[in-house]
Amino acid sequence: MTDPIALKLPSDAAFSRPIAISNWLYSVAFLVFIMVVVGGITRLTESGLSITEWKPVTGALPPLSEADWLSEFKKYQQIPEYLEISGPAGMTLADFKFIYFWEWVHRLLGRLIGVAFALPLLWFAVKRAIPSGYGLRLVALLALGGLQGTIGWWMVSSGLSERTDVSHFRLAVHLLTALFILGGLVWTALDLRQLDAGRKKPSRLTGFALATIAVLFVQLLFGAYTAGLNAGYVSSSWPLMNDYFVPGGINWGAGVLHALNNDPYLIHFIHRWWAWVAVGFLVVLARKVRPIDRRASIAIHTAFGIQILLGIATVMTGINIHLAVLHQAVGALVVASCTWGVYLIGRPQV
């Protein structure tokens, strides 16, 4: 299929600027990383349901007067989270302003990322600077970013009527989509740098790379479930969970599949120990990468090493918010470093 954005490119791609585009994509990837971190803060401060409406344009402005703040607070007071949890706990307007701030920043970053991607993409297209074959990929990343905004509201809406929190399934989709976008940005940026270096054949996913991604996906999925169900709180000891390797309290009554997706004890247990399966694959990946680019090997080892330590520390401190935010942040770095690694082992060595 012909790339419509590259239609006007001359055959020698004289105006192509792969390094400039790569640097721009790295900048957007950094913004996505910040977005993931702020998303973690939003979740851990229970801020996600503070804005009860989705206004993609006018919502960019926060309340500007006391009357506006009272109006927003009144809307929040109608949802189950306030009626059953924060209201009885004595939430004040000042408390509401705090949680509103984090949700507003999270949504504002989403808008900023959209602008930071769409406007440069348009500029590069007008300047005919996009290498042939990359236009559709960049448009797909833009569309996926737009979809992520819709997914975010879909997630929030699940906690506005019948629940006191958002669906952990929708939270998982939201987080995993963000990490997929991060990986796609890093992969595409790496591809463009290789193109600039004269390597025209793009990297491909090997069988081992796919296996590593699948193992990491499971770990990230159960991490999202752990966050969404507050499953980290079921045990603050390590390596045993409340003095047992396999914790008591797992409800098998509705079947194994239901427990795997809904039981906080089982989900915490799987997230805790599947991490070592992920570590095994990442160690092998780092060893495969080392002869190609030692920096990538170091990045992979460093990311998963710090992540393991943060995970243990987060549990043993009873989910200290600062450690928990760092745990989510480094999880994104694990994804980025893994993307770098699987890219390198699939790159034609010519």
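**View 1. The lining of the second largest pocket divides into 13 nonpolar residues, five polar and one charged.** Here, Ala, Val, Leu, Ile, Met, Phe, Trp, Tyr, Cys and Pro count as nonpolar, Asp, Glu, Lys and Arg as charged, and the others, Gly among them, as polar. You are looking at a predicted model, in which local features need pLDDT of at least 70 and side-chain atom pairs count only at pLDDT 80 or more, while totals for chains, interfaces and linings use all residues. Residues are numbered from 1 along each chain as its sequence is written, and side-chain values use heavy atoms, with hydrogens and water left out.

The second largest pocket has a volume of about 570 Å³. Of its 19 lining residues, Phe180, Gly183, Gly184, Ile213 and Thr339 are the closest to the centre. Two or more lining residues come from each of α5 (135–157), α6, α7 and α11 (321–345). Helix α6 gives the largest share, eight residues. Helices are DSSP runs (H or I, at least four residues), numbered from the N terminus. A pocket is found on a 1 Å grid over the protein atoms alone, as an open set of points where a 1.4 Å probe fits, with protein on both sides within 12 Å along at least five of seven lines; lining residues have an atom within 4 Å of a point. The volume is the space filled by probe spheres set on the points, which are joined across faces, edges and corners.

**View 2. Aspartate 191 forms a salt bridge with arginine 137.** Side chains of opposite charge can pair when their charged atoms come close. For a salt bridge, a side-chain nitrogen of Lys or Arg must be within 4 Å of a carboxyl oxygen of Asp or Glu. In this pair, the closest N and O atoms are 3.1 Å apart. Aspartate 191 sits in helix α6 and arginine 137 in helix α5, so the bridge ties together parts that are 54 residues apart in sequence. Are the two partners buried or exposed? Aspartate 191 is buried, because its relative accessibility is 2%, whereas arginine 137, at 28%, is partly exposed. (Buried means under 20% relative accessible area, exposed over 50%, and partly exposed in between, with a 1.4 Å probe and protein chains only.)

**View 3. Lysine 97 pairs with glutamate 66 in a salt bridge.** Their closest N and O atoms are 3.7 Å apart. This pair links distant parts of the chain, 31 residues apart: lysine 97 belongs to helix α4 (residues 93–126) and glutamate 66 to helix α2 (residues 66–76). Lysine 97 is partly exposed at 28% relative accessible area, and glutamate 66 is partly exposed at 45%. A search of the whole structure finds eight salt bridges.

**View 4. Arginine 163 and aspartate 165 form another salt bridge.** Here the closest N and O atoms are 3.2 Å apart. Arginine 163 is partly exposed, with a relative accessible area of 31%, and aspartate 165 is partly exposed too, with 28%. Elsewhere, salt bridges that share partners join Glu53, Lys55, Glu72 and Lys75 into one network.

**View 5. Valine 246 lies in the loop between α7 and α8 (256–262).** Its relative accessibility of 47% is why valine 246 counts as partly exposed. From C-alpha to C-alpha, valine 246 and leucine 266 are 8.3 Å apart in space, and they are 20 residues apart in sequence.
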